[in-house]
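Q: Could we go through this structure together? I would like to begin with the ligand and then turn to the aromatic residues.

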Amino acid sequence: MLKQNNLKKEIHPNFNESHKNANSAWDKDNQAWWDWYVSLADNSNSNVNNTLLELPEPPKVKYPSKINLKQLLSKPYNLTEHDIKTFQKNGFIKLKNVFTPGALQVLRREILTLLRKTFTNYYEMKKNRFLSLEMMWVENSVIREFVLSSRIAKICADLLSVKKIRLYHDNALVKESGCGRTPWHYDDHHFPLETNDVITAWIPAQAIPIEMGPLMFAKPIEVYKLVKDIEFNKSDTSYDKKISDIFKKEEVSIVEEPFELGEVSFHHNLSFHTASENKTTQSRIVLANTYFADGARVVNNPTMISGDWKKFIPETKPGQIVSSKFNPVCWPAIN
Ligand SMILES: O=C(O)CCC(=O)C(=O)O
Ligand SMILES: [Fe+2]
């Protein structure tokens, strides 16, 4: 069954015009950052009279016990040399069966509970929004298992071919029904880390069909060189449009594929990516954990595009090595 859609096009009211200069620091929270950020996506090709695909709630499965979950999240994944080469060539990889349906049901339940707690009128306000939560692992012991998971962290260290990695941050990235596109970007723009050994594990808490807006990637990794000199524009959709035009003109290969339940993508901070609108009636709930090679420093000049970074790396100045209590070593596992 199809429903009326109303994809968001206007700049969200939380966007503050006072940010005249992309070189200034971001002075608001992470949610305001995402409200601003998705307003930079070009949605001119999406038809407001479009229809939403009616999807049922994800099917219920048996919950794993606490001990079982801990074991699942620390069990090594069978990563091959070919996987590592593919990641290093393309800048991303999608791996199936990283998590079980039971584990993901726990993750989804927990993120939904936090959304309801954080946004008191969650069900009324969520339509067309990109909602985000971060630093969940500090307070929530269940989410902590997923963020500090040695199964995930070892995959990340192996894909980067580094010995030791730390957490930059966790992020629930919730693209609600009717929310428009995520702009084209690479994360090197966003993370104020003086290294390219940075990787994000993008963990869907349900299957993501094409209509829900799975993360999509341009490949190989080098395509960032085609667009790295395009100036970021903080107040309109021109940056997103220019990237898209160049990729079309250069016939860059774009991978937009659904995520089956249990599938996780891993992307490098130089990998260009975007995501389409959520044209379904269900929330696209994802946990995105970013890790980096131990020893990295904060860049000398973080900008507004680096968002709320001081919250993720407290008590650390530009130029200093990142090792705060919120950036624990996740691989090798401590316990
Ligand atoms: O979830 C999205 O739509 C975008 C996520 C993203 O850009 C990232 O995880 O780096
Ligand atoms: Fe990103």
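Q: How far does a polar side-chain atom of H273 lie from an oxygen atom of ligand 1?
A: This is a predicted model, and in it the separation between a polar side-chain atom of H273 and an oxygen atom of ligand 1 is 3.1 Å.

Q: And how much of the accessible area of ligand 1 does the protein cover?
A: On its own, ligand 1 has 290 Å² of accessible area, and the protein covers 96% of that.

Q: What are the distances from T182 and H185 to the ligand?
A: For T182, an N or O atom of the side chain is 2.7 Å from an oxygen atom of ligand 1. For H185, the corresponding value is 2.9 Å, again between a side-chain N or O atom and a ligand oxygen.

Q: Which residues surround ligand 1?
A: The surrounding residues are F130, L173, T182, H185, D187, T200, W202, L215, H267, H273, A275 and R284.

Q: Where do L215 and A275 sit in the strands?
A: L215 has A275 in β11 as its bridge partner. The strands concerned are β8 (residues 215-219) and β11 (residues 273-275), which run antiparallel and are joined by 3 bridges.

Q: Which strand does A218 reach, and through which partner?
A: A218 is bridged to I254 in β9. Strand β9 covers residues 253-255 and runs antiparallel to β8, with 3 bridges between them.

Q: How many residues of β8 are buried?
A: In β8, 4 of the 5 residues are buried, so the strand counts as mostly covered, given that buried means under 20% relative accessible area.

Q: Changing topic: how many aromatic pairs are there?
A: The count is 19 aromatic pairs. One of them joins W36 and F232: the ring centres are 6.0 Å apart and the planes stand at 75°, so the pair is edge-to-face.

Q: Why does that pair tie together parts apart in sequence?
A: W36 belongs to helix α1 (residues 30-38), whereas F232 is in the loop between α9 (224-227) and α10 (238-249), so the pair links parts that are 196 residues apart in sequence.

Q: Are W36 and F232 buried or exposed?
A: Both are buried.

Q: Which residues form the aromatic cluster?
A: The cluster consists of W33, W34, W36, Y37, F130, F232 and Y239. F130 is also among the residues that surround ligand 1.

Q: Last one: which rings do the charged ends of K94 and R109 sit over?
A: The charged end of K94 sits over the ring of F259, 3.9 Å from its centre. That of R109 sits over the ring of Y63, 4.4 Å from its centre.

Terms used
Residues numbered from 1 in each chain as written. Chains lettered and ligands numbered in written order. Predicted model: local features only at pLDDT ≥ 70, side-chain atom pairs only at ≥ 80, totals over all residues. Heavy atoms only, no water. Phe/Tyr/Trp six-rings, centres within 6.5 Å; stacked < 30°, edge-to-face > 60°. Helix = DSSP H or I, 4+ residues; strand = E, 2+ residues; numbered from the N terminus. Buried < 20%, exposed > 50% of the residue type's maximum accessible area, 1.4 Å probe, protein only. Lys NZ or Arg CZ within 6 Å of the ring centre and 35° of its normal. Near = heavy atom within 4 Å. Polar contact = N/O pair within 3.5 Å; in protein donor to acceptor, adjacent residues only side chain to side chain. Areas by Shrake-Rupley, 256 points an atom, 1.4 Å probe, with all protein chains shown as cover. Pairing = 2+ DSSP bridges.
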